[in-house]
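Hi everyone, thanks for coming.

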Amino acid sequence: MNEATPIRRRQTVRLNEISDKRMNDQKLQGQYQPYKDAAWGFINHWYPALFSEELPEEGVEGIQICGIPIVLRRVDGKIYALKDQCVHRGVRLSAKPMCLTKKSISCWYHGFTFDLESGRLTTIIANPGDKLIGNTGITTYPVEEKGGMIFVFVREDDFPNEDVPPLASDLPVRFPDSSERFPHPLWPASPSILDEDAVALGIHRTGETNWRIACENGFDNAHILVHKDNTIVQAMNWVLPLGLLPTSDDAITLIEDENGPKGLMQWLFTDKWAPVLENEELGLKVEGVNGRFYRTSVVLPGCLMVENWPEEHVVQYEWYVPITDDLYEYWEVLVKVCRTDEERTKFKYRFDRVYVPLCLNGFNDCDLYAREAMEEFYADGTGWDDEQLVATDVSPVTWRKLASRWNRGIAKPGRGVTNATKTSSIRMRRLAEGKKPSYFVEKIED
Amino acid sequence: MNEATPIRRRQTVRLNEISDKRMNDQKLQGQYQPYKDAAWGFINHWYPALFSEELPEEGVEGIQICGIPIVLRRVDGKIYALKDQCVHRGVRLSAKPMCLTKKSISCWYHGFTFDLESGRLTTIIANPGDKLIGNTGITTYPVEEKGGMIFVFVREDDFPNEDVPPLASDLPVRFPDSSERFPHPLWPASPSILDEDAVALGIHRTGETNWRIACENGFDNAHILVHKDNTIVQAMNWVLPLGLLPTSDDAITLIEDENGPKGLMQWLFTDKWAPVLENEELGLKVEGVNGRFYRTSVVLPGCLMVENWPEEHVVQYEWYVPITDDLYEYWEVLVKVCRTDEERTKFKYRFDRVYVPLCLNGFNDCDLYAREAMEEFYADGTGWDDEQLVATDVSPVTWRKLASRWNRGIAKPGRGVTNATKTSSIRMRRLAEGKKPSYFVEKIED
Amino acid sequence: MNEATPIRRRQTVRLNEISDKRMNDQKLQGQYQPYKDAAWGFINHWYPALFSEELPEEGVEGIQICGIPIVLRRVDGKIYALKDQCVHRGVRLSAKPMCLTKKSISCWYHGFTFDLESGRLTTIIANPGDKLIGNTGITTYPVEEKGGMIFVFVREDDFPNEDVPPLASDLPVRFPDSSERFPHPLWPASPSILDEDAVALGIHRTGETNWRIACENGFDNAHILVHKDNTIVQAMNWVLPLGLLPTSDDAITLIEDENGPKGLMQWLFTDKWAPVLENEELGLKVEGVNGRFYRTSVVLPGCLMVENWPEEHVVQYEWYVPITDDLYEYWEVLVKVCRTDEERTKFKYRFDRVYVPLCLNGFNDCDLYAREAMEEFYADGTGWDDEQLVATDVSPVTWRKLASRWNRGIAKPGRGVTNATKTSSIRMRRLAEGKKPSYFVEKIED
């Protein structure tokens, strides 16, 4: 018996060594370290929380963004948003809403009652003289409602009201104000959800991926491939190119004005990006390219705008709202300015009959599975170091650097909140019952 | 491009800062640190294991308490309890019971055979001469059977037989012995499971919460709110107060006699606790309060007694038996002294037709969801530091301090036992099959 | 109130102290430390990947072995195996196979295209001029196809082609070559999958246990007990002994020739192992033992051979292929030399009608549950230290030491691969959908 460890093989070059030709070398990676740290999202930003119709008068809903549980309540039309975690024993107020006055929300468990405006603890139902009353409270979140959507400014507890930026600073650039700066010859100025008479129609659903993985897929020009067999592509007789390649250094414009949104605009379907029509190695050749022209841009905290899509005068917005480090809420919203009831009805009809099945599902479902396919590689953090990016990844890399510079804060890992403890037996029980992790709080049924 | 990190906001007072007016300041928290450490329960205590009818003659069942797997077997009426983990390769004896003699249990895998009385390894079926025989064994646990319940003294491996305390030391105080010390004008002396002719009827089920969270809910006087819409309350036309407030320093009496149970007694429905009938801030006023009078007490290792509930001459016991750090077995037991078969039959009928649907389920189901609602906040340990307690939390705080002083040991986190490794693929497979984590061992079907 | 911690009990001898009479004392354990470290398997070995019929011409399948995702493709009959993780963003190529030429596989997401032979990145569909092309690639794995099975040499990235050993070095010893060395009087020389005209019929399935736990069960002579009630045993009127005991120091022969397989051979049903027919302590006595004679051996990386089982001229092979640290692929394969179509047809018929239901399921299902029953004890690593082995465990102990000496490398824990992050929300969602962790990649449905 040989007790010595035998020499079994020679050393050799690693077959899959990470190439020093990759775009994202260590120096470049250093420029977006804050982004790599933002697994739980960027905080102190405006995020979509609900569609207006999801929160009727007197309604209460609980959600979670960037690891922060948030309860929304609508009273006399006005919407309030507060931290959805009682200061007493930490239960979610929204799990069993108890609102005894128009200006308060009470905890269903021990009756701790909070002022909707200030978040202050104003009384305890069965303990009205306690010295804690008036001396604590829960964080409140500024709310804006525009075009059928409710936005919440998700902030750290010590972020002061007077520094809350306007909603517009976390939404895509607007037209016609930006038409001179971002002209495009092929379509009229894009609408905005902030426009008068804007109508936003859309869907949102929970994806089991980190929000950054999802976001980068949104404006990635190099994955046209996954869409080539989509029903809408075939129905419209579109012929897609193999891909799009940047042809000049200014193929992407940074958006970083002091008081506006921070993001990037990609000059797609201009001479700054060329369609790839042939791959000789593989014997591929595309002829007679035709399809929809569009332009994508993305701004912090992760809002995509696809102009001229899926039809003229319509814009598609997307958000990838962090719930935890591996759950995000995927928002797909079409915006159009409708000045009459007839226009609104017609837009809604086309949304329901064409765009939901063929675009928001159909087409974008491919993006969902592509994001999921990346999750395992990035889940333990190694993907961010090991990925080998190429020239066409200029878009995500530009975004990562920009987001690292301009975000208003990196969200801390969730503490004591839903899905933060991934192995809890309650979570397991819900899985056994067929209930997957969710953006919404599970309401208690008495 | 601005390379410097911009100053984006001022510092301000935290909106939800933990108030220094909270009852549980750091000094107070220090007085119950052992309790905070007892995620896996207190060991060297008596716990209910099974109802007598769950273990018929020759029956074998496997359960888990405080992270310790335990197998019970009944032979000629006598019950034995042993560590349910073979010394050889660690499988659970109870998974596929193999009992070849009246005084032994054998492992179904390799035939390791243990003496029921001593736990010693007495033979190995296919290896009867091995030198390990007689030189190792598994821990045994003292057993008591009373009134239809089987209790096990769950101990550390080195806890000597001669120091095992009587069962009564881990059960609520008894009457009429304690009538002078704990008189109550509104009802006759409460029965005890230790009384002659006591009958215990109840249910038990697994909850996905830490046992302490569950236990504190049991004797919490400040959560009357969650019960106000219960069917039994409405059916009985009870009118509940908003809450109960302690009105004197001796609203709670400590029970810490040298040789008896250690716990606390709450003088509910005496002049030491006042009903809260009004909350001006919220415009709430309760009139014509009426309902059942009751008194709650709790003793180590977590046994609640509700006297005069749900009817006169009946007492409700509850246990919150730790299985792991986030699973507990919830026991709800009604005890009555029944001196004749007729009384027993009548009690059983009323139990089945009224108390199971309206109280043990109905009413107490609200407690189950309230406990679950707290779990996320406490699951990662931060809840114990961040909770902001108030005057009415005198009950849990008194309990925590008392339990810290008088427990007989803090259970170590489970090693190599069911649900200790929460992410094991076997656990995952069971979830995919719709089986949630359980108190009972899953029996092998050949 | 007593502020001092009371002295509550004496110290005593632990009832279940680990005995110093156990076979695996600390010194012995030190001799198989590498084995204890090999939770993710041994790397740089040949493993079965698929049955030939699972990979038809042009077929693509994704699997995982030793934490390494592997994609297999068959072109013009030849099989290629590559690392199933795109160098770009880490998605699995096999999730949505895209093969545009006979010598390449392309990533369905961004078109990264790899040479099947070398693994080199040869082009990017939409970015054919990128500088990364030709400068990176994915590891390739040598493949052998024998008798209806596809074997892959699962290696570290830097393991050179010229050092890849022949498949035979990771398969059981062959006959008649070894007949002189390993004679057995009771049956003819066993067939081998490497024999001309060998036919391998079998099944494989995923078990939720560590591969070592599974493997040790395969050649464990001390667990005859679990099989005593099996249908095949009863149908054949076999009378099994209580167990088998080694009677001489050479009851097990080591196989460690320099250029051949490394393993051990157990001289079962010779005078080196005696059947145990009686256990006086338990009053057990077996008379008229009769049954099949067989002999087991095991070689690295974990391949069992059961000669003369389940019938003459047939051999049963088993593999316990590591997927992760708690998932393995269980292979059960019967091999027979069939020289004519008639023989093949007859063997297949008997396989389908008798051996699948009665042996590969039936009989071996008991081994599956036995392995699972051990998993909890070993899952957190404590089982390897706490187990108390006995004389009959000479088989696993010999195997552990041998595997520690002769393995070609210890697999590193999986990074960025399926089931490596056990708590990912995608995994949870799949569980909620009833899908358990698997050996195969989940294919994307467009």
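In which loop of chain B is B:Glu58 found? B:Glu58 sits in the loop between β1 (45-51) and β2 (60-65) of chain B; strands here are DSSP runs of E with at least two residues, helices are runs of H or I with at least four, and both are numbered from the N terminus.

A quick word on ground rules: this is a predicted model, where local features need pLDDT of at least 70, side-chain atom pairs count only at pLDDT 80 or more, and totals for chains, interfaces and linings use all residues. Residues are numbered from 1 along each chain as its sequence is written, chains are lettered from A and ligands numbered from 1 in the order in which they are written, and side-chain values use heavy atoms, with hydrogens and water left out.

Back to B:Glu58: it has a positive phi of about 70 degrees although it is not a glycine. B:Glu58 counts as partly exposed, because its relative accessibility is 40%; with a 1.4 Å probe and protein chains only, buried means under 20% relative accessible area, exposed over 50%, and partly exposed in between.

C:Asn44 also is not a glycine, and has a positive phi of about 70 degrees. You'll find C:Asn44 in the loop between α2 (33-37) and β1 (45-51) of chain C. Its relative accessibility is 0%, so C:Asn44 counts as buried.

Now the prolines. The A:Phe175 to A:Pro176 peptide bond is cis, with omega near 5 degrees. In chain B, a cis peptide bond joins B:Phe175 and B:Pro176, with omega about 5 degrees. B:Pro176 is in the loop between β9 (149-154) and β10 (198-207) of chain B.
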